[in-house]
Amino acid sequence: MAAPTIMKRIGNKIKEYPTVCILVAALLAIGIGITIQKTSAKDAKGRPAISADVYLLVGFLGKLWLQALKATLGPLILSSIINSVYQLRTLAGAAGKAGKITILYYLATTVVAVGFSLAYCSMFILRFVGTIDVDSLPDIGSDTSKIEENGKDLTVAASIVNIFAGMVPKNVVGDMSNDALLAVIVLAIIIGACIESTEENPSVVLRLAREVEKIVMKCIHVIIAVTPIGVFFLVLPSLMAMDFVQLVRYVGILVGVAWGAFLLHLLVFHPLIYFISTRRNPYRIWKFHLPAITMAFGCDSSAATIPLSLECVEKAGVPADLAKFVIPLGATINMDGGALYLPMAVSFMAATQGVPMPPVTMFLVGLIAVLASIGTAPIPSASMVFITFLCRAANVPVTGVFGLIFAVDWFLDRGRTTVNVNGDLYAASAVYHICKDEITAAGMADLTEFGDEESKVPVSAQKA
């Protein structure tokens, strides 16, 4: 059988069963890495006597994969946030009070989710996750010397000044190349807020942003298609040098804390917000939400859950027109799950390498997590795309530990998606209760009459 035919079949299998392929790649890398670690001669420190060049060559493809993923961040953030902010303006204007309250509700819950996440990081991850010996590993994602230099001798006042100074772009192209994406995010928000576009006079900038987002997403789908290869060559050099038992224990802490946060949000926070908004028992409508929540966990996609979510909230008493506005919009901007997880992942990367995370740095990570959630990419494990960026912002080197986080992300991503969908369901009922009089008097038919067909179900609603 010809080699191209074999490669084509392998590619088709990866597309058909991406999660299984990633797991198999991670398990193979773990098995090979542990075997090499146990059978190799040891140096004076008890580590495998393997030269740095070997680690570099083994992790070469993993490094290329990670660099390709990072290369999409700048144009992706710029284009997607421009589109999202413009769309939010359009929705808020077309939907009146209900639209404004929906947007504020989603943004507020995302901010609160980030606050909770920072608390979980301080109480659990930074306290119980220790350092792992990664001295023999090459730094695959950042310039460590530059990071150390940037973080040296900075007072709290200087750090705060640097955060706000970093919000003002000096050179957009330069900021993208240097991973100073906080300035890019702020610039994208300003552009999206200032764009004026009508059917008679469409904005060229808006059309360009939409085309760029489509192109970047095609590139990202290609990169994600080879994720098993990237994960294999990220995990393998890590397991050749690290203490596997210790690493599994620390990864277990990350998974446990993350899922604890997800469950707390699902069972306590969202119902509490609903109760505060409506003064009604939040668990009485849980039976209506359960099918959509179950599907969100199973299919790992907010977009695939939209039809069932609409059916669920309509059974709970929400008018169909309002539901068709709130649910698709929530799949776009309501990223409570990602907001919970991103600071945890960055804190885990920092803790395993002994990098301190002072309050100012944690604030910066939280701020960027909120802003980035506005335009989270519609790809599998979308939040993972931003982890390397957040690590750079927090002066945390990106090492092979990132591959291990990616290997367990199939399980964590289901939790994030479930939290996002649960938030959408409660939001629909809460907004209806708050705006019930206005909705009854005016009707909601105009809510789905904004924009073009493409903007009614945004690109960003395709994947949590």
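These are my notebook entries on a few spots I looked up in this predicted model.

**Ground rules.** I number residues from 1 along each chain as its sequence is written, and side-chain values use heavy atoms, with hydrogens and water left out. Local features need pLDDT of at least 70 and side-chain atom pairs count only at pLDDT 80 or more, while totals for chains, interfaces and linings use all residues.

**Helix α11.** I started with α11, residues 227–241. Helices here are DSSP runs (H or I, at least four residues), numbered from the N terminus. Buried means under 20% relative accessible area, exposed over 50%, and partly exposed in between (1.4 Å probe, protein chains only).

Is Ser429 buried or exposed? It is buried, at 7% relative accessible area. Ser429 belongs to helix α20 (residues 409–434), and its contacts (heavy atoms within 4.5 Å) include Tyr274 and His289, leaving aside residues up to four places away in sequence. Leu290, in helix α13 (residues 286–299), is partly exposed at 39%.

**Cores.** A nonpolar core is a set of buried Ala, Val, Leu, Ile, Met, Phe, Trp, Tyr and Cys residues joined through side-chain atoms within 4.5 Å. I found 97 residues in the largest one, with Tyr341 among those with the most contacts inside it. Helix α5 (residues 73–128) gives the most to this core, 14 residues.

How values were computed:
Helix = DSSP H or I, 4+ residues; strand = E, 2+ residues; numbered from the N terminus. Expected span 1.5 Å × (residues − 1).
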